[in-house]
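Dear colleague,

Please find below the structure that I promised to hand over to you.

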Protein chains: 2
Amino acid sequence: MQKFTFFNPTQIVFGKGQMQELDALVPKNARVLITYGGGSAKRSGVLDAVKKELMQSNRTVFEFGGIEANPKFPTLMKAVELARMEDVDFLLAVGGGSVMDGTKFIAIAIHAEQFMGKEEELLHFGFSTVPVENVVPLGTVVTLPATGSEMNNGGVISNGTDKLTIFHRDAFPVFSILDPELTYTLPKEQVGNGIVDSFVHVIEQYLTYPQNAPVQDRIAEGLLQTIIEVGPTTLANPTDYDSRESLVWSATLALNGLLSAGVVPDWTSHMIGHELTALHHIAHARSLAVLLPAVMRQRKDQKREKLLQYGERVWKICTGTEDERIELAIQKTEEFFHEVGFTTRLSDYGVSKSDIPAVLENLEKHNMTALSERGDISLDVSRAILEDSL
Amino acid sequence: MQKFTFFNPTQIVFGKGQMQELDALVPKNARVLITYGGGSAKRSGVLDAVKKELMQSNRTVFEFGGIEANPKFPTLMKAVELARMEDVDFLLAVGGGSVMDGTKFIAIAIHAEQFMGKEEELLHFGFSTVPVENVVPLGTVVTLPATGSEMNNGGVISNGTDKLTIFHRDAFPVFSILDPELTYTLPKEQVGNGIVDSFVHVIEQYLTYPQNAPVQDRIAEGLLQTIIEVGPTTLANPTDYDSRESLVWSATLALNGLLSAGVVPDWTSHMIGHELTALHHIAHARSLAVLLPAVMRQRKDQKREKLLQYGERVWKICTGTEDERIELAIQKTEEFFHEVGFTTRLSDYGVSKSDIPAVLENLEKHNMTALSERGDISLDVSRAILEDSL
């Protein structure tokens with residue numbers, strides 16, 4: 001293991017009917033801005049339920065809807081302006097990863113005095129914490145289990161053809177309400193996104209090289225096995241509480257810092273995937289399903305020991321030569337993605353070989369020229385991965 | 001799963017040389033009381049290293065040594081008086097579970113206005129949070145991986161022949177420094193205590209009945225497998241960093257709330273064990289090694305499905321009748337305890353059948369008359385467990 005700091009102060013409030021805790025969780029007398037997405041929170045009645053809870057105590061409540069998938073900087077700045085004008089002192093994100101990520105940006109930007117008028121610069125700190133002192137506290141009511149944003153302090157924000165990350169120590173949600181029943185009305189496609197996104201979050205922290213982290217490895221393998229078990233079941237039976245609650249809890253634990261504590265991760269699929277989303281509007285999880293198998297094949301030698309361990313422990317592959325077992329583990333991964341409704345071919349999204357140079361240009365622009373756990377995925381290797389995924 | 005709240009704000013600072021973070025972690029200008037145990041922190045030089053770090057900034061530092069194993073109320077009250085007299089506003093526990101547990105009591109008691117002069121009453125809230133508002137913040141430097149106290153908000157305090165629990169939402173350490181190298185000088189017996197204590201912490205949250213908690217189950221199984229792997233190795237080679245760091249991290253994760261989130265645990269071995277420690281001075285972990293196999297055998301029917309799962313996933317027992325597989329899993333558990341230097345027989349501690357009534361009386365006094373995940377371990381069942389363990 002590497003030496004590490006693990007810190008995660010988010011209070012998780014999990015289970016059926018936990019919305020009723022909201023009144024106790026949000027400060028009394030707060031000036032609350034509820035943020036949400038494209039309207040499904042409204043249609044499903046979740047937004048009304050949230051407001052009803054907040055109104056139980058003396059609070060002033062504002063609303064900001066319309067945060068899009070891959071939340072956009074200009075949209076979020078409108079919320080920042082509203083929050084500044086109305087002197088908002090608590091943010092409540094009601095939605096999935098995009099709403100939660102966007103709300104973290106809003107929380108950081110509201111009092112970012114030294115960035116006033118040039119808030120775009122807040123997006124240029126990458127994996128470093130943004131230098132802002134006064135972050136507005138936020139809570140979340142999660143309607144889509146996928147990104148783990150409900151229990152971490154990071155977000156991904158889009159600006160033109162850039163997808164950029166922000167982090168802040170104070171951007172952990174104070175609380176996150178996770179009621180699996182709130183996710184029943186999600187379209188199958190969105191549930192599938194959650195399954196694949198959380199699966200790949202786990203894989204990218206796990207599938208590197210042996211790092212003397214047996215506990216982290218086994219937690220990762222346990223999450224992968226669980227997602228493989230409950231993913232297809234919850235897609236087939238959206239109101240089966242047992243499988244849905246396991247998916248929701250797995251998605252949260254997949255990216256709350258526990259798996260990467262003490263180990264070097266490999267975010268290659270995510271980083272290349274962000275460019276595919278920015279340039280070709282492929283949904284985040286869909287880009288990952290295309291890239292991950294190609295990364296596994298291209299990096300077979302560097303990841304050999306962990307690919308064998310993954311095959312054995314997650315897919316119970318114990319016979320055959322090493323190369324056969326690795327190839328079978330990759331095929332099983334692809335079959336799992338297919339089973340939950342995903343293609344693993346980039347060409348299915350109309351992307352062809354001639355589109356690859358622009359993706360590489362964007363990677364270079366974002367300093368993604370030395371990816372992977374070893375820092376040895378150059379643009380040439382990224383090209384090979386993209387070509388392999390076509 | 002049951003609905004649950006998970007909250008754990010402790011910052012873990014893990015790895016070689018992390019003591020150097022101490023100056024940044026403790027507030028400047030603080031009036032710090034360092035608490036420690038029987039002197040090993042002094043002899044090993046850890047205490048001096050701690051003081052050196054604290055002195056890097058303007059702080060007033062006091063010391064309170066002599067907190068014993070199974071920390072005693074009268075001892076702790078002396079520290080409370082010192083802290084009150086010196087207006088201490090930060091506590092730093094340097095030691096293992098007893099020092100950390102005791103320091104949590106001190107933190108709670110210092111400003112417990114309504115309990116002034118009758119602080120014993122703080123020990124009578126059991127698993128409920130103690131009704132005190134102003135808890136003094138505490139940090140820890142861990143020298144013995146065992147109890148998980150470094151990442152939870154509970155403690156066990158002895159008073160006469162009572163071993164009593166305290167909990168407070170604000171009793172989580174603000175930070176815990178876990179440098180595996182600090183544990184190298186521990187006597188083998190203490191390392192063994194840590195191995196068995198953390199193993200049983202995991203088992204008692206896991207070995208109940210199927211609760212639709214696949215993630216919690218697999219994290220538990222992963223911790224058990226890891227402790228089984230690294231326990232004997234780290235005993236044989238105390239300065240092998242790789243196995244020691246895995247033991248340290250496993251012990252912390254074994255009791256940080258993650259395993260019991262959403263499931264009903266069974267603390268039977270711990271609860272009966274506390275009475276054995278109070279009445280017969282058997283070290284905490286030693287009492288667990290004696291009781292757990294007896295609990296498993298007595299509760300074979302109630303725990304059948306989980307015992308089979310435990311046998312299969314942790315010990316790879318896949319053949320034989322159900323009863324054979326269960327018995328083998330229990331034997332493997334006993335053999336593991338023997339391997340790390342523990343007896344599994346109560347009579348080896350000089351306890352005989354005639355001593356059992358007094359243990360049962362104490363259990364009754366402490367309202368431990370309906371133990372287990374089902375609340376159906378009456379005093380009669382506890383008697384059977386104790387007789388079986390002789």
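This is a predicted model: local features need pLDDT of at least 70, side-chain atom pairs count only at pLDDT 80 or more; totals for chains, interfaces and linings use all residues.

I began with helix H11 of chain A, which runs over residues 304-315 and has twelve residues; from its first C-alpha to its last it reaches 16 Å, close to the 16 Å expected at 1.5 Å a residue. Its buried residues include A:Leu307, A:Leu308, A:Tyr310 and A:Trp315, and among the elements that cover the buried residues of H11(A) are helices H6, H7, H10 and H12 of chain A. Just after H11(A) comes A:Lys316, which takes a positive phi of about 60°.

In one of them, the side chains of B:Arg59 and B:Asp23 meet at 2.8 Å, N to O. Because B:Arg59 lies in the loop between helix H3 and strand S4 of chain B, while B:Asp23 lies in helix H1 of chain B, this pair ties together parts that are 36 residues apart in sequence. B:Arg59 is buried, with a relative accessible area of 7%, and B:Asp23 is buried as well, at 12%.

Another salt bridge joins B:Glu221 and B:Arg313 at 3.0 Å, N to O, and it links helix H7 with helix H11 of chain B, the two residues being 92 residues apart. Here B:Glu221 is buried, with a relative accessible area of 3%, whereas B:Arg313 counts as partly exposed at 28%.

Methods:
Residues are numbered from 1 along each chain as its sequence is written. Chains are lettered from A and ligands numbered from 1 in the order in which they are written. Side-chain values use heavy atoms; hydrogens and water are left out. Helices (H or I, at least four residues) and strands (E, at least two) are DSSP runs, numbered from the N terminus. The expected span of a helix is 1.5 Å times one less than its number of residues. Buried means under 20% relative accessible area, exposed over 50%, partly exposed in between (1.4 Å probe, protein chains only). Contact means heavy atoms within 4.5 Å. A salt bridge is a side-chain nitrogen of Lys or Arg within 4 Å of a carboxyl oxygen of Asp or Glu.
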